[in-house]
Amino acid sequence: MDVYVALFGGQAVELAGCASEGAVRALIEMPNDRPISDRTQVDLTDSAALGAHPAIPCNPPPLAEAAWPGSVPIWADLTANGRYLLAAPNGAGFYAVDAKCEAIKTALSIRERAQGAGFQGFGQPDPLELRLTINCGPGAEAQGPVVPDADSGAEGWTLHSAELFMSEAGLPDTLLVASAPMGEGRGYLPIRRLDGVEIAPLFLEGGARLEAAKAALRMLFAVPEEDVVSPLGFEELEAVQSALFADICTRNCDGYDHSHGFFALPGIDVALSFEGVEQTPAALDILGRDLSGLRFADGRALWLQGCAAVASALGIVPGEGDWKSMARAAHLGAGQAAAMRCNAARAATCIRVIGPGLPLVPEVFHASGSCAGKTRLIVHLPEAVTATVPLMIDAERGFAEVEIAPMPGLERAILTVPAGASGAASPCLLSSPRVMIHSRGDLRLMLRDVTLRRRLEEVPQEAIGLHSDGGTLVTDGVIMVADGDAGLPPERGISLCSGAYYARATRVQAGTIAVQGSNSRLAISGAPGAPTTLGSARYAISASAGAEMILSNVTLTGRVGASLFNATLDATNLRLVSTDAQSGSSTALQFRGASEAQLMQSTAQGFACVGTFWTAGSAAIFTLPGNNLTADNTRPSCGAGTVQILE
């Protein structure tokens with residue numbers, strides 16, 4: 001459910017259970033011509049003390065369950081000031097409620113309270129320490145829905161202390177422990193040494209050096225200054241004992257000798273081992289984010305996702321890996337579930353919320369105003385929103401990373417975009433098609449849980465749904481199809497030019513080509529039983545000019561499943577399905593130039609040819625195919641090459 005707040009004298013008070021703007025306006029008697037704006041939770045917490053005051057309910061609960069218990073003292077200060085005075089639930093001060101605010105009085109059960117044991121009489125208490133005046137009417141102000149900050153709480157790093165037995169002395173040592181999101185829970189990184197100084201003695205010493213160490217680690221892990229360094233509980237300590245005990249360097253690190261340790265037998269050993277800690281090879285996760293890490297003990301590892309600064313402080317040297325090998329490993333899930341995740345620091349992140357009924361305008365994607373100087377943009381969409389014009393998302397406008405996703409609490413958002421001339425030429429497009437969303441430059445654009453639709457009333461013209469020039473495009477849970485009222489399908493769904501594309505749980509149905517990539521890398525995955533599906537009347541995938549593709553748990557539908565022109569395909573559990581079984585030109589794989597396809601445990605069904613070779617020099621190998629390729633298609637091979645079947 002959306003969360004709304006009212007502002008009283010600049011202080012934020014949650015309006016609990018208000019499900020809509022209408023309910024908010026009715027509760028605080030706010031005029032319809034006053035807008036309700038969107039604010040992030042961290043902004044309201046930092047600047048308006050959100051959470052410091054009890055909530056006002058839209059639907060009053062029984063007094064026994066209310067934020068202000070029924071026994072809380074109340075005064076009727078009506079004659080002098082036209083208000084009621086409620087004691088704060090913790091006894092620290094008083095809240096004034098304007099007697100003219102009938103809906104708020106009902107919400108706070110003022111009438112019932114004035115009849116009960118908490119009623120103290122008329123006038124006001126002495127002394128009176130007024131915390132807040134709750135009022136209503138023409139000057140009322142509300143904000144919402146409140147958007148949780150993307151990098152706070154469970155989604156960001158936190159800093160803790162932990163007592164551990166580290167020697168035979170029998171007394172525990174206290175260390176600092178950094179914690180970050182990992183899989184469905186959290187991971188832990190105990191820190192035994194910082195910039196050459198042991199942490200445990202600093203806790204015994206206390207004072208300025210300990211505080212300086214905490215400040216250095218807050219900066220490294222982007223932990224807000226106001227977050228308390230809290231002690232870990234017993235359950236967390238068990239995970240800490242199995243972790244790598246880090247030796248971190250944050251300054252003057254040239255030649256620094258990192259001495260990371262670990263318990264060979266967690267829970268039994270009281271002395272760390274230091275031999276055999278090794279850097280892992282360069283790796284990627286399934287959506288193309290960097291993974292780095294350190295191996296230690298027998299099979300344990302510290303994995304970090306997108307944590308360049310933390311990795312450097314641990315002495316991990318950035319490495320160059322073979323992209324195909326890294327993408328294959330990512331599709332097998334290597335390291336991902338156990339990776340501690342880093343996001344851009346809160347100070348570098350801008351969140352923009354598109355309220356219900358408002359359009360998506362191009363200025364949202366400019367790093368200006370409150371987003372000036374920020375490098376990461378998160379755009380939260382309502383359940384349905386329409387862009388006023390085709391969207392150009394350009395790295396030159398300030399952001400290095402852009403994520404478009406539903407508001408927190410929504411499973412999916414529908415984004416309708418007109419197709420039009422993007423105003424920017426692309427070296428990979430021979431024609432000048434209309435584009436719905438065009439990203440350009442060295443940026444990472446991610447669409448998550450978005451249904452992308454082309455405006456229905458548009459005159460049919462050649463159009464591309466998503467086109468990326470030179471950057472990284474990610475679709476996670478994206479749907480781009482024409483189903484009933486979903487609008488016109490784009491002729492080309494997704495187009496890549498000299499960039500990278502990572503997709504998971506994505507469904508694209510286009511007019512002529514679902515996905516095309518020139519001089520690009522494409523890593524597309526689904527899940528067993530829930531494949532990514534790409535299809536069109538003609539080509540499901542077209543790859544050229546040195547494009548490399550890694551596919552797993554993907555279904556391709558079309559007259560041509562995959563067209564390769566000087567391109568390579570490496571696939572596992574790929575399902576190729578013909579949509580034109582009667583056509584003599586249908587083919588699961590089409591080869592031109594020097595192209596290659598290796599398919600493991602994959603199927604092809606209903607095609608005139610499993611492989612069509614326009615030139616010699618290409619190769620197609622099916623290993624352990626999931627169906628009878630010869631019986632389920634007219635011919636296994638057509639043209640100058642041969643499909644090899646190994647089973």
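Predicted model: local features only at pLDDT ≥ 70, side-chain atom pairs only at ≥ 80, totals over all residues.
Local features were taken at pLDDT of at least 70 and side-chain atom pairs at pLDDT 80 or more, whereas totals for chains, interfaces and linings use all residues. Residues are numbered from 1 along each chain as its sequence is written, and side-chain values use heavy atoms, with hydrogens and water left out.

Helix α10 spans residues 323-331; helices (H or I, at least four residues) and strands (E, at least two) are DSSP runs numbered from the N terminus. Trp 323, Lys 324, Met 326, Ala 327, Ala 330 and His 331 of this helix are buried, that is, under 20% relative accessible area, where over 50% is exposed and values in between are partly exposed (1.4 Å probe, protein chains only). Viewed down the axis of α10, the buried residues fall within an arc of 165°, so they line one face of the helix. The arc is that of the directions from the helix axis to the C-beta atoms. An α-helix has 3.6 residues a turn, so residues three or four places apart point the same way. The buried residues of α10 pack against strands β17 (283-284), β34 (500-504), β37 (521-525), β40 (548-558) and β42 (568-578), contact being heavy atoms within 4.5 Å. Just after the helix, Gly 333 has a positive phi of about 85°.

The model has five disulfides, each defined as a pair of cysteine sulfur atoms within 2.5 Å. One of them joins Cys 18 to Cys 58, with an S to S distance of 2.0 Å. The torsion about this S-S bond is about 90°, so the disulfide is right-handed. Cys 18 lies in the loop between β2 (11-16) and α1 (21-28) and Cys 58 in the loop between β3 (56-57) and β4 (74-77), so the pair ties together parts that are 40 residues apart in sequence. Both Cys 18 and Cys 58 are buried.

A further disulfide is formed by Cys 101 and Cys 136, whose sulfur atoms are 2.1 Å apart. Its torsion about the S-S bond is -100°, and the link is left-handed. Cys 101 is in the loop between β6 (94-98) and α4 (102-107), and Cys 136 is in the loop between β8 (130-134) and β9 (141-143), so parts 35 residues apart in sequence are tied together. Cys 101 and Cys 136 are both buried.

Cys 609 and Cys 638 also form a disulfide, with sulfur atoms 1.8 Å apart. The torsion about the S-S bond is about -75°, so this disulfide is left-handed. Cys 609 belongs to strand β46 (residues 609-613) and Cys 638 to strand β48 (residues 635-639), 29 residues apart. Cys 609 is buried at a relative accessible area of 4%, and Cys 638 is buried at 12%.
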